[in-house]
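Hello,

Here is the structure I promised to pass on. Please open it next to this email and follow along as you read.

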Amino acid sequence: MMIDLHTHSIFSDGVLIPAELARRAERKGIRVLGITDHGDMSNMDFIIPRIVEAADSLSRVMDIHIIPGIEITHVPPPLIPDLAKKARELGARLVIVHGETLVEPVAPGTNRAALESDIDILAHPGLISREEAELARDRGVCLEISARKGHCLANGHVAKMALETGARMVLNTDSHAPGDLIDMDQALQTARGAGLSRSDFDQMIQNASAFF
């Protein structure tokens, strides 16, 4: 079963409304979809309730289950814990933090602050340290293997750190547009490109299934 827990709609920098995103994902064979638009202290109270409403309505009538969430993005590390708590209070069932990807100027210390907060997934964590991967393991936070251009550059390193420390992984697209969505075969190829085996890939699907 294809699961994608990290996508974006027009409520941040995606190009699709939630209904079209859900339909296009459904056609790709995705059965569980997280809509996790970029948020900070300025917009989470606007985004999350609308994604919750869309997720509830769409999940009732489509052959896909939508999980409402948020991706806390480029927020100064000291503010991340309180924003993660606020996201939960607003109804986010999936809290992601935009990690220290190699292709954006994310503030140093973001990975650690995220891992010390009440979050579910650390997205594209870049050159995550062994100590941080161990913290992810101990706190039950999944590290993301990303199918998105740019963010995927550190997939091999993330996979290596996760395998060596026992941290859990999930594979997501971080989709912003229709062409970013992938099917099961493409997801498997992304995992293999990160140096992961078929059994590692199957374990990632099992890890993702814990969120619904």
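This is a predicted model: local features need pLDDT of at least 70, side-chain atom pairs count only at pLDDT 80 or more; totals for chains, interfaces and linings use all residues.

The largest nonpolar core has 70 residues, and Leu5, Ile70, Ile72, Leu143 and Ile145 touch the most other members. Helix H2 (residues 44–61) gives the most to this core, with seven residues.

Which residues does leucine 143 touch? Leaving out residues up to four places away in sequence, the list is Leu122, Ile128, Ala133, Ala136, Val158, Ala162, Ala167, Arg168, Met169 and Val170.

Next, the sheet. It is open, has seven strands and runs in the order E1-E2-E3-E4-E5-E6-E7, with parallel pairing. E1 and E7 are the edge strands, and each pairs on one side only. On average, neighbouring strands are turned by 30 degrees against each other, direction ignored. Look at strand E3 (residues 65–72): E3 and E4 pair in the parallel sense over four bridges. Isoleucine 70 has valine 95 in E4 as its bridge partner.

H2 touches strand E2 (30–39) and E3, and its direction makes about 165 degrees with that of E3. H6 lies across E6 and E7 and runs at about 150 degrees to E6.

Now find helix H7 (residues 184–193). Its buried residues are Ala187, Leu188, Thr190 and Ala191. Why are they on the same side of H7? They cover an arc of only 155 degrees around the axis. The background is simple: an α-helix has 3.6 residues a turn, so residues three or four places apart point the same way. The face of H7 turned away from the buried side carries the exposed residues Asp185 and Gly193. What do the buried residues of H7 pack against? Their partners are strand E1 (2–7), strand E6 (142–146), helix H6 (155–165), strand E7 (169–172) and helix H8 (198–209).

At the start, a side-chain oxygen of aspartate 183 reaches to within 3.2 Å of the backbone nitrogen of aspartate 185. After H7 comes glycine 195, with a positive phi near 85 degrees.

Last stop: threonine 101, in the loop between strand E4 (94–98) and helix H4 (110–115). Is threonine 101 buried or exposed? It is buried, because its relative accessible area is 5%, and buried means under 20%. Its side chain makes a polar contact with the side chain of histidine 151 (2.7 Å). Neighbours within four places in sequence aside, threonine 101 is in contact with Val106, His124, Pro125, Gly126 and His151.

Best wishes

How values were computed:
Residues are numbered from 1 along each chain as its sequence is written. Side-chain values use heavy atoms; hydrogens and water are left out. Buried means under 20% relative accessible area, exposed over 50%, partly exposed in between (1.4 Å probe, protein chains only). Helices (H or I, at least four residues) and strands (E, at least two) are DSSP runs, numbered from the N terminus. The arc is that of the directions from the helix axis to the C-beta atoms. Contact means heavy atoms within 4.5 Å. A polar contact is a pair of N or O atoms within 3.5 Å; within protein, one must be able to donate a hydrogen and the other to accept it, and residues adjacent in sequence count only if both atoms are side-chain atoms. A nonpolar core is a set of buried Ala, Val, Leu, Ile, Met, Phe, Trp, Tyr and Cys residues joined through side-chain atoms within 4.5 Å. Two strands pair if DSSP finds at least two bridges between them. Axes are lines fitted to C-alpha atoms, for helices over the stretch in contact, and angles run from 0 to 180 degrees between N-to-C directions.
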